[in-house]
Amino acid sequence: MDNIKYELTESDIPHTWYNPAYDVGGIAPILDAATREPVSREALARSMPPALVEQELSLEPEFEIPEPVRQLYAQWRSTPLFRARRLEKALDTPARIYYKFEGVAPTGSFKPNTALAQAHYNKLAGKTGLVGETGAGQWGSAVALAGALFDMKTKVFMVRVSFEQKPYRRTLMETYGSVCTASPSTETESGLAVLAERPDHPGSLGVAKSEALQFAFANPEYGYTRGSGLNHVCAHQSVIGQEAVKQFELADDYPDIVVGAAGGGSNLAGLAFPFLRKKLAGGRDIRLIAVEPAACPTLTRGRIAYDHADSAGLTPLFRMHTLGHKFIPPAVHAGGLRAHNIAQVVSRAVEDGLMEAVAVRQNDCFEAGVLFARAEGIVPAPESTHAIRGAVNEALRCKEEGVGKTILLGLSGHGDFDLVAYQKYLAGTLSDDALSDQALQDGLDSIPSPVLV
C-alpha cells in the first residue's frame, strides 16, 4: 500500500513551545497608546497572567510546556500528517502534496493548542472564568472546552454575522457550558456605541475584542483570552510545525513550500516557523506562503503601522500590517480570517522577505475546498480552503513547469459546522464579497496619526 498518513506517538508531543519572536530577531516594542512609550509589564498584566506577559516579551528560543497542558494535548495530539495522493492525481501534478490536519482536536480545529495553555496560566493566576471574542466560532469553542476541562466559567462574544451564519458553533460552546453573545451587543459600552452608530452592524473581530476586554475589566474574576495575533499565542501553536518536521522524517521527504491561511496569524506561524527556524540555522531553503481573503487583505493591501488590535482602542499599539482598527470586512464565511491586523511575528516575516503573501477570492477557495473534499474525503473549514487554494495554485504551477516540488499545507480544521456556506457555493449563490475602495480607505483612515513605523 502507498503511505497515506504519518503519525507520531504521545511521547513525541513536544516538550517546549518555539518562540517565533526569536526566529525573526525580535519585534517592535508594544507602545502605550497615550504616551507612545513602550508599555510596562504591569499594564500588560491587566489583561493577561504574568507567565504570558513574560512569554509575550521574551526573546528566549523556547518555553517549557507545563505538564498539565501537555497531558491534555495527549487527548488528540500528535495530529496526523497526510499525503494527499488523490488530490495530486486529480490535479495531474508532479508535486507531492501533504497536509497537517488539526481537525482531529475535540472542537475540530487548531485553537485548543493555546486555549488550554491560557486556561492553565489564568487559573494559576487565580481566575475562575475565561472570556474571549470569536469570529467563526472556533476560538470560542476552544475557550469553552478549556473552561470545561479546567473547571472555569466561560463567556464568548461572537461576531454577529458568524453568530447568525453558524448556529451549531454556538450550540457547541453552550454544550461545553459557555455563554455565547452576539457582538456588537448591548452588554458593554463599546457594543452600545457601535449599535448607536449603526444598528445593523454585522460585527467584526475588533468590535468583539473590545467587548470581551471591557467584560474582563468589569469582571476581574475572568481572564481575557486571545485566539490569535500575539506572540505567546503563536508560540503555543508551534506544536503543529514541530510535529510536522518529525513526520517528514518518517516520510523521507521535506517541503519546498509551506502554505497556511492568514487571519490573525497563529495557525500560519505555528505551522511555518519551525521550518523557518531550520532554514535560518542553515537548513534547506523553503518558501513560506500566507494566503488571506481578498475581502480582508491585511498583508497585501494593509499598511505597516502602529495600531490597536481592537476597534475601541482599548489595547496598546502594535507595529504590524493593519487595515485600521475601524475596518469592517465583508461578511465572508471564513470568519476566522476577518481580522484587520495580523501577528507581529508574521508581519515582520513578510516585511523581511522571509514569507510571501497572496490574497484569494471566496468562490475560488470554496472551489478548491470542494475539490479537496471529493479527493481526500475531508470537508475543510472555510479558513482552511484558503491554504488549499494556495497549495493547489502551487501544484498547478509545478505541472506547468514540469517540476516535482513538495508542498505542505495547514488544514487548520474541518468544515462540518460550515455546510451552509458549502450549500450556497453548490447552489451558485455564494458571493465573492468584494472589498470596496471606500471601505478599505475608511479602515486605513482609522490608523492612529501620525503613522509610526
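**Exercise 1. Which residues of H20 are buried?**

Solution. The model is predicted: local features need pLDDT of at least 70, side-chain atom pairs count only at pLDDT 80 or more, and totals for chains, interfaces and linings use all residues. Residues are numbered from 1 along each chain as its sequence is written, and side-chain values use heavy atoms, with hydrogens and water left out.

Step 1. Helices (H or I, at least four residues) and strands (E, at least two) are DSSP runs, numbered from the N terminus. Helix H20 spans 437–444.

Step 2. Buried means under 20% relative accessible area, exposed over 50%, and partly exposed in between (1.4 Å probe, protein chains only). In H20, Leu440, Gly443 and Leu444 are buried.

Step 3. These residues are on the same side of H20, because they cover an arc of only 100° around the axis. The arc is that of the directions from the helix axis to the C-beta atoms. An α-helix has 3.6 residues a turn, so residues three or four places apart point the same way.

Step 4. The cover over the buried residues of H20 includes helix H15 (298–301), strand E12 (303–307) and strand E13 (318–322). Contact here means heavy atoms within 4.5 Å.

**Exercise 2. Describe the lining of the second largest pocket.**

Solution. Step 1. On a 1 Å grid over the protein atoms alone, a cavity is a set of points where a 1.4 Å probe fits but cannot get out, while a pocket is an open set with protein on both sides within 12 Å along at least five of seven lines; lining residues have an atom within 4 Å of a point.

Step 1. The volume of the second largest pocket is about 430 Å³. Grid points are joined across faces, edges and corners, and a volume is the space filled by probe spheres set on the points.

Step 2. The lining has 18 residues, and Val194, Glu197, His201, Lys326 and Ile328 lie nearest the centre of the pocket. Helices H10 (189–197), H11 (205–218) and H20 each supply at least two lining residues. H10 gives the largest share, four residues.

Step 3. By type, the lining has seven nonpolar, seven polar and four charged residues. Ala, Val, Leu, Ile, Met, Phe, Trp, Tyr, Cys and Pro count as nonpolar, Asp, Glu, Lys and Arg as charged, and the others, Gly among them, as polar.

**Exercise 3. How many disulfides does the count come to?**

Solution. Step 1. A disulfide is a pair of cysteine sulfur atoms within 2.5 Å. The count is zero.

Step 1. For Cys296, the closest cysteine sulfur is in Cys365, 13 Å away, too far for a bond. Cys296 is buried at 1% relative accessibility.

**Exercise 4. Locate the backbone exceptions among Arg36, Ser78, Asp92 and Pro184.**

Solution. Step 1. Most residues other than glycine have a negative phi, and most peptide bonds are trans.

Step 1. The bond from Arg77 to Ser78 is cis, with omega near 10°; Ser78 is in the loop between helix H4 (67–73) and strand E4 (81–83). The bond from Ser183 to Pro184 is cis, with omega near 10°, and Pro184 is in the loop between strand E8 (179–183) and H10.

Step 2. Arg36 has a positive phi, near 60°, and is partly exposed at 28%. For Asp92, phi is positive at about 50°, and this residue is exposed at 54%.
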